[in-house]
Amino acid sequence: MSPAARKTVVLVGDRRLALTNTDKVLYPETGTTKGRVIEYYERVAPWMIPHVKDRPVTRKRWANGVDGKVFFEKNLPDSAPDWVRHHTIHHSEHDNEYPIVDDLPALVWMAQQAALELHVPQWRFGPRGGQQNPDRLVLDLDPGEGVGLPECVEVAVTAREILHGMGLDPYPVTSGSKGIHLYAALDGRSTTANVSDVAHELAKALEHDLPDLVLSSMSRAERTGKVFVDWSQNNGNKTTIAPYSLRGRERPTVAAPRTWKELEERGLAQLTLDEVLERLQAHGDHLHPVASASLAVGRDDHGHWDSDRTERANEAEQPARDRLTAYRAKRDASKTPEPVPEGAPRSGRTAPRRS
């Protein structure tokens with residue numbers, strides 16, 4: 001069959017897209033084709049886009065399927081449609097032009113590129129392309145050899161108690177790989193450095209309380225039998241697999257929002273694309289409170305982005321309420337030599353209400 005015969009032009013929203021090789025199998029174990037991947041992203045778009053909107057997207061592409069070569073892509077290729085939004089991030093030695101997924105056609109275009117995994121940071125671009133303060137905190141609970149989801153759940157439940165004590169409301173996501181992610185909405189007033197520092201201290205606090213189970217350092221040599229609490233993904237230069245993204249594993253598993261009740265049920269497992277679509281139709285997006293809170297950050301009372309308000313909030317010299325105070329009071333300073341940061345990220349729950 002000629003390449004031309006395998007090309008189909010379709011209308012996605014108000015954009016025309018050329019889809020190619022839709023019958024190519026990308027997940028050999030399950031026979032999942034590129035066409036099925038495109039269909040998944042088309043159907044999941046209403047729930048996924050709020051979590052990735054205005055964020056730079058790094059893609060992991062498997063052009064020949066998950067048993068073939070994978071490569072990362074940050075820059076928007078020259079071949080991309082001119083209607084795909086993008087912004088530049090300046091680095092010390094180079095610039096990268098990152099695409100943004102803020103509508104259905106952009107998401108379907110990425111699926112057409114066999115970009116199975118979409119990774120985003122915890123911050124968004126502002127209206128003029130500037131990097132805003134993070135609007136969410138994330139902890140990645142990554143199990144080492146010999147442990148799995150049950151151990152991640154144990155750590156997640158302990159982390160939930162600490163986060164609640166800080167005024168933050170965490171929501172769990174089974175990563176689609178091995179572990180669990182915890183997300184909590186922020187109000188955009190804390191800097192990336194501050195959020196990253198607090199996340200690091202949270203990881204060390206968990207290690208202190210669960211020394212036989214938790215690891216907070218980056219040492220791979222020590223991960224056997226431990227759950228590594230990766231706090232570093234709050235760094236402005238790092239990314240996390242986006243909620244509802246597929247994973248490039250043997251089966252088409254998904255980074256899927258879950259309920260706390262589910263986490264504590266026996267038989268917890270990673271979910272596949274079919275299971276996720278069924279759940280969304282029946283129950284909607286369990287992570288929606290995080291997306292709705294973060295999308296409100298920096299917007300005025302009419303729902304428009306107010307960059308002046310954001311700037312004033314970021315520069316306000318008001319002492320932050322230290323949400324680790326209650327937890328710090330319980331800690332033994334001799335066992336925890338490094339102090340918890342004086343400032344703490346502010347919860348999206350305590351942000352001024354915006355309509």
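Me: What is the mean pLDDT of the protein chain, and what share of its residues reach 70 or more?

Reply: pLDDT is the predictor's confidence in each residue, on a scale from 0 to 100. The mean for the protein chain is 86, and 82% of its residues reach 70 or more. This is a predicted model, in which local features need pLDDT of at least 70 and side-chain atom pairs count only at pLDDT 80 or more, while totals for chains, interfaces and linings use all residues. Residues are numbered from 1 along each chain as its sequence is written, and side-chain values use heavy atoms, with hydrogens and water left out.

Me: Where is the pLDDT below 50, and how many contacts beyond near neighbours in sequence does that stretch have?

Reply: Where pLDDT is low, the predicted coordinates should not be read in detail. Here the pLDDT is below 50 over residues 300-328, a stretch with 57 contacts in the model beyond near neighbours in sequence; contact means heavy atoms within 4.5 Å. Over residues 349-355 pLDDT also stays under 50, and the model has 15 contacts for them beyond four places in sequence.

Me: At what angle do helix H1 and helix H6 pack, and how far apart are their axes?

Reply: Two packed helices are described by the angle between their axes and the distance between the axes. Helices are DSSP runs of H or I with at least four residues, and strands are runs of E with at least two, both numbered from the N terminus. Axes are lines fitted to C-alpha atoms, for helices over the stretch in contact, and angles run from 0 to 180 degrees between N-to-C directions. H1 (residues 34-52) and H6 (residues 273-283) pack at about 30°, with their axes 11 Å apart. H1 and H6 are therefore roughly parallel to each other; angles under 35 degrees count as roughly parallel, over 145 as roughly antiparallel, 65 to 115 as roughly perpendicular and the rest as oblique.

Me: Which residues of H1 meet H6?

Reply: Arg36, Tyr40, Arg43, Val44 and Trp47 in H1 meet residues of H6 including Leu273, Asp274 and Gln281. The contact of H1 with H6 divides into seven nonpolar, one polar and three charged residues. Ala, Val, Leu, Ile, Met, Phe, Trp, Tyr, Cys and Pro count as nonpolar, Asp, Glu, Lys and Arg as charged, and the others, Gly among them, as polar.

Me: How do H3 and H4 pack?

Reply: H3 (residues 149-165) and H4 (residues 192-209) pack at an angle of about 125°, with their axes 11 Å apart. H3 and H4 are therefore oblique to each other. Val155, Thr158, Ala159, Ile162 and Leu163 in H3 meet Leu202, Ala205 and Leu206 in H4. The residues of this contact divide into seven nonpolar, one polar and no charged.

Me: What is the order of the strands in the open sheet of four?

Reply: Two strands pair if DSSP finds at least two bridges between them. The order is S6-S5-S9-S15, with antiparallel pairing. S6 (71-73) and S15 (240-241) stand at the edges with a single partner strand each, so one side of each is left without a neighbour in the sheet. S5 (residues 58-61) pairs with S6 over three bridges, and Arg61 stands opposite Phe71 in S6.

Me: Which residue in the hairpin of S1 and S2 takes a positive phi?

Reply: S1 (residues 7-12) and S2 (residues 15-20) pair in the antiparallel sense over six bridges. The hairpin has two residues between the strands, and Gly13 takes a positive phi near 65°.
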